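Morning, everyone. Please put the model up on the screen, and I will walk you through it.

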Amino acid sequence: MIPWLELDTPFPPVDSALTETQGVPGLVAAGADLSPKRLLDAYQNGIFPWYSEGQPILWWSTDPRMVLYTDQFKLSRSLKKTLIKFQNNPQVEFKFDAAFEVVMRHCAALREHQGTWISDQMIAAYTELHRLGYAHSSEVWIDGELVAGVYGVCIGRMFYGESMFTLVRDASKVALAQLVFFLRSQSVPMIDCQQETNHLASLGATPIPRADFVRWVRQAVLQPPILTWKICSTVD
């Protein structure tokens, strides 16, 4: 049975999540809402929402958990060359939080034909987290137009990656690189990537046991928050 959450029901322990033998590995619970309080509680306990239009809100905690240690980000020779090209182009600007909601909507549109979890309900919820200072976007602009972005949630010294998009080849990787460099400068050692993919692995992400992830998160979220989000990086 999947636990059903009312508005005041706390999350069950993540180690009670369904397993692969039960058909839906990582599913913790269903129901409740996407209020800032509920979302922040979820992230601080290693849980994230992921569901399709027409479904109830589904809450997940995958095991293993895919993470990217910021000091293990793979800046390949080709990506380094691309990053330098972008940085040397006077028409290119790197920004944080200039168009958070627009980044989310681009991410949703990119996956619309496949079915996306980034519904209007999700966009409204995360835009509110952004207004409260918890959700952020790393963006690439060319000639005044937004061409790529990455967004996620940051609590204390823990960043939870959510999604990315690009309209220009490799620009989303550049947006991610700028995010990684900034987080590294702010002593944020880990980005949560949630689920394992070959693309993330190629950038240096690695799976770790959920118990280790949750243990780390519960310490990192208690650290002082990042007060100023400002592009400050160069190619390492």
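First, the ground rules. This is a predicted model, where local features need pLDDT of at least 70 and side-chain atom pairs count only at pLDDT 80 or more, while totals for chains, interfaces and linings use all residues. Residues are numbered from 1 along each chain as its sequence is written, and side-chain values use heavy atoms, with hydrogens and water left out.

Let's start with helix H4. Helices here are DSSP runs of H or I with at least four residues, strands are runs of E with at least two, and both are numbered from the N terminus. H4 covers residues 120–131, which makes 12 residues. How far apart should its ends be, at 1.5 Å a residue? The expected span is 1.5 Å times one less than the number of residues. That gives 16 Å, and the end C-alpha atoms are 16 Å apart, so the two agree.

Which residues of H4 are buried? Buried means under 20% relative accessible area, exposed means over 50%, and partly exposed is in between, with a 1.4 Å probe and protein chains only. The buried ones in H4 are Met122, Ile123, Ala125, Tyr126 and Leu129. They cover an arc of only 165 degrees around the axis, so they sit on the same side of H4. That arc is taken from the directions from the helix axis to the C-beta atoms. Now turn to the face of H4 pointing away from the buried side. There you find the exposed residues Asp120, Ala124 and Arg131.

What covers the buried residues of H4? The cover includes helices H1 (36–44) and H3 (100–110). Strands E3 (48–49), E7 (135–142), E8 (145–155) and E9 (158–166) are also among the covering elements. Contact means heavy atoms within 4.5 Å.

Look at both ends of H4. Just after H4, glycine 133 has a positive phi of about 95 degrees. Serine 119 counts as buried because its relative accessibility is 8%. Beyond its neighbours within four places in sequence, serine 119 contacts Tyr51 and Glu53.

A quick stop at H1. Its buried residues are Arg38, Leu39, Leu40, Ala42 and Tyr43. Glycine 46 follows H1, and its phi is positive, near 75 degrees.

Next, the pockets. Rolling a probe the size of a water molecule over the atoms shows where empty space is left. On a 1 Å grid over the protein atoms alone, a pocket is an open set of points with protein on both sides within 12 Å along at least five of seven lines; a cavity is a set where a 1.4 Å probe fits but cannot get out, and lining residues have an atom within 4 Å of a point. Points are joined across faces, edges and corners, and the volume is the space filled by probe spheres set on them.

The largest pocket has a volume of about 540 Å³. It has 23 lining residues, and Glu162, Ser163, Met164, Cys193 and Leu200 lie nearest its centre. Which element supplies the largest share of that lining? E9 does, with five residues. By class, this lining has 14 nonpolar, six polar and three charged residues. Nonpolar here means Ala, Val, Leu, Ile, Met, Phe, Trp, Tyr, Cys and Pro; charged means Asp, Glu, Lys and Arg; the others, Gly among them, are polar.

The second largest pocket holds about 280 Å³. It is lined by 17 residues, with Pro25, Gly26, Thr62, Asp63 and Pro64 nearest its centre. Its lining has seven nonpolar, five polar and five charged residues.

Stay with Asp63 and Pro64. The peptide bond from aspartate 63 to proline 64 is cis, with omega near 5 degrees. Proline 64 lies in the loop between strands E4 (58–60) and E5 (65–69). It is partly exposed, at 45% relative accessibility. Not counting residues up to four places away in sequence, proline 64 touches Gln194, Pro207, Ile208 and Arg210.

Last, aspartate 97. It has a positive phi of about 65 degrees, although it is not a glycine. Aspartate 97 sits in the loop between strand E6 (92–96) and H3. That's my tour.
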